[in-house]
Amino acid sequence: MEKLTFYALSAPEKLDRIGSYLSEKLIRDVSRHRYGYVCIAMEALDQLLMACHCQSINLFVESFLKMVAKLLESEKPDLQILGTNSFVKFANIEEDTPSYHRSYDFFVSRFSEMCHSSHDDLDIRTKIRMSGIKGLQGVVRKTVNDELQANIWDPQHMDKIVPSLLYNLQHTEEAESRSPSPLQTTEKEKENPAELSERCLRELLGRAAYGNIKNAIKPVMIHLDNHSLWEPKTFAVRCFKIIMYSIQPQYSHLVIQQLLGHLDANSKSAASVRAGIVEVLSEAAVIAASGSVGPTVLEVFNTLLRQLRLSIDYALTGSYDCAIIGGTKIIKEHEERMFQEAVIKTTGSFASTLPTYQRSEVMLFIMSKVPLPSLHHPLDTGRAGENRNRLTQIMLLKSLLQVSTGFQCSNMLTALPSSFLDRLLSATLMEDAEIRLFVLQILISFIDRHGNKHKFQTISTISDISILKLKVDKCSRQDTVFMKKHSQQLYRHMYLSCKEESNNRAHYEALYSLLALTSIELANEEVVVDLIRLVLAMQEVALVNEDNLPLYNRCALYALGAAYLNLISQLTTVPAFCQHIHEVIEMRQKEAPYLLPEGVFAEKPRLSRNLDRLGPEILFRQSKISEVLGGSGYNSDKLSTPYVPQLTDEDRLSKRKSIGETISLQVEVESRNSPEKEERAPAEEITYETLKKAIDSVAVEEQERERRRQVVEKFQKAPFEEIAAHCGARATLLQSKLNQIFEITIRPPPSPSGTITAAYGQPQSHSIPVYEMKFPDLCVY
């Protein structure tokens, strides 16, 4: 062997003949089953290959690969392993010159086949599979970096390599789950096909360039489809974790796009399959948290929301073809619900990876998809349409709640524009209690920027709020501007939502949290005054009871007012205000515990029926509060004015009020609340005479129509001279009027430069041409 190596190094041009001779010998020995000589020939070839690094090695390699192929074709496992080991050694050699004509198609096919070996003997099967994996790793190393070699990224190769690696990952995972104690395995047993295939897959993906990611990911998804591996989702999640951690970070969004495309392609698959894909998406999004969700951020959310709507349709119609009710495929409603929850969770996962400005855009996008009763967004009609609208509203608001959780913004005015808030707040006027609760929770998520939300989950009258350890910052200028613009709208919706009959404990707790967080996050003196007026107006709603609210709702409003005024009195730290609030609370504890949160918001609420005969000592009095706060610099005039909400057009779209009621309410509020009421002309009374005039106006219209017809007829039939004379007279009149106007406008006003004083002291107007006038330098351009 030493002599042969020396001879080959001395005369490189002879390598080709040496290779062909050894190749012939090996092929003959294989066919004659002389395996000892086969091993000797293979070892000789290996040593020559390792020793000779000259340019003429290309010719020798052809003979070498022919011999490796012959060994791999053999049915003997030992020869297959021998051939694979030789190929791996060859793959580790870096060649100086590329080979244009070399093909690895056979090796990819054969090694992939070995990866799927089903030999009866477990040890031999494991060895063959490991050899196949090592062979694929060798092919990848040999070809992946050399553009002149066969392109290993072509779909024909990737469709064999990737499933072979996943097959070994999957099957060994199943074996591990059955083994009693994997910790007791020896060092030798630790090297198994699963670890090797994972390492090979990571290496393959790590070398993938931008244009090759798609070809590498597509076989993964096809393999998971073919083997129904989306449903347990454990293996699918593991695969995509390997992918996301292996590829270069800037390509993460390509994997996300592939998964979204696959989700669309499987939109009519079983709900469990779609849920599995969405779960994988969620995990992948967390890993791609470096902000590489890609340029099409909204497309991600558009796909998820589209799938959500499809799922709602499937659940309602019971068919994957929404046009046909009761299709052949049975859809399980609980599976669709699980899928919907998975989509909502994934929406939150994606949003958590985005910067604030993009998250704000996503929230606007989701809100624009919520079907709300408005002039520009017609709703589906009929019973099925109402169900679809309701489910869509709930699912999209749940998604919005997920996105808004943890949302931090320094400037709420830019993060939450008017178009978004208008649509969100209009949902508080809807009849559905669940939808209203979601809207309140979303508002709480937006306003809570210091993590105080959980401290107000239960309503109570705490004597010392310092135990809550609230994080309070001074209201910033941007927050002040935000409240100036949107505060009245916010108060109005809080006021209207507190009057709903279908409210329950959760709604009042959410309202309390919203009031408390607004006081902490966005409050200046003006806002505090408005919030106190709002809560006193809520107390008035319970006291007057124009809306015929149930007993529980009235007690809840009294309790809500007590809890909030107790909190705000301690935040404002005005002693007289605190004293008045504590006196009323103490009086209620003695005489009316059913008006306090501890009595109302318990598991078994204590209610009383004699709410119409409450004494003034157990009510918070607006006059007293305005007096004590006015002495501390607050606006006492505003405090003493009862709060009345400003009603707008969206009330006309609310189902619970007719248009007539809304207009009458609006007129009443405008007449009562408008500052210009003294200057405004009195409203016209509707009497018999006005109705008679309205009927007579029809006759006037008929006369006008007849006059127009006569004019047209005159111009069509009258002689030309008569029309010309008529138009000429009118033109002369018009010209005279124009001349008068021009004389008035052209005549210059008296000026120092254009006025000459006569001998008798009377100014005489004298017109000077414009080009002779003297203008100051600053006026000349």
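Modeller: Happy to! Let's start with E279, which is in contact (heavy atoms within 4.5 Å) with K233, A342 and K345 once its neighbours within four places in sequence are left aside. E279 sits in helix 14, residues 271-287; helices here are DSSP runs of H or I with at least four residues, strands are E runs of at least two, and both are numbered from the N terminus. E279 counts as buried because its relative accessible area is 16%, where buried means under 20%, exposed over 50% and partly exposed in between, with a 1.4 Å probe and protein chains only.

A word on the ground rules: this is a predicted model, where local features need pLDDT of at least 70 and side-chain atom pairs count only at pLDDT 80 or more, while totals for chains, interfaces and linings use all residues. Residues are numbered from 1 along each chain as its sequence is written, and side-chain values use heavy atoms, with hydrogens and water left out.

Another glutamate, E62, belongs to helix 4, residues 57-73. With a relative accessible area of 30%, E62 is partly exposed. Its C-alpha atom lies 8.7 Å from that of D16, a residue 46 places away along the chain.

Now for the cavity. A cavity is a set of points on a 1 Å grid over the protein atoms alone where a 1.4 Å probe fits but cannot get out, and lining residues have an atom within 4 Å of a point. The count is 1 cavity of 30 Å³ or more. The largest cavity holds about 70 Å³, a volume being the space filled by probe spheres set on points joined across faces, edges and corners. Its lining includes M412, F446, F482 and H486. Helix 20 (418-426), helix 21 (433-447) and helix 22 (477-498) each supply at least two lining residues. By class, that lining has 9 nonpolar, 1 polar and no charged residues; Ala, Val, Leu, Ile, Met, Phe, Trp, Tyr, Cys and Pro count as nonpolar, Asp, Glu, Lys and Arg as charged, and the others, Gly among them, as polar.

As for cysteines, C239 is buried because its relative accessibility is 1%, and C555 is buried at 0%. The whole structure has 0 disulfides, meaning pairs of cysteine sulfur atoms within 2.5 Å.

Stepping back, the protein has 32 helices and 2 strands, and 46% of its 781 residues are buried. Of the contacts with a separation of 6 or more, 73% join residues 24 or more positions apart.

Technical notes. On a 1 Å grid over the protein atoms alone, a cavity is a set of points where a 1.4 Å probe fits but cannot get out, and a pocket is an open set with protein on both sides within 12 Å along at least five of seven lines; lining residues have an atom within 4 Å of a point.
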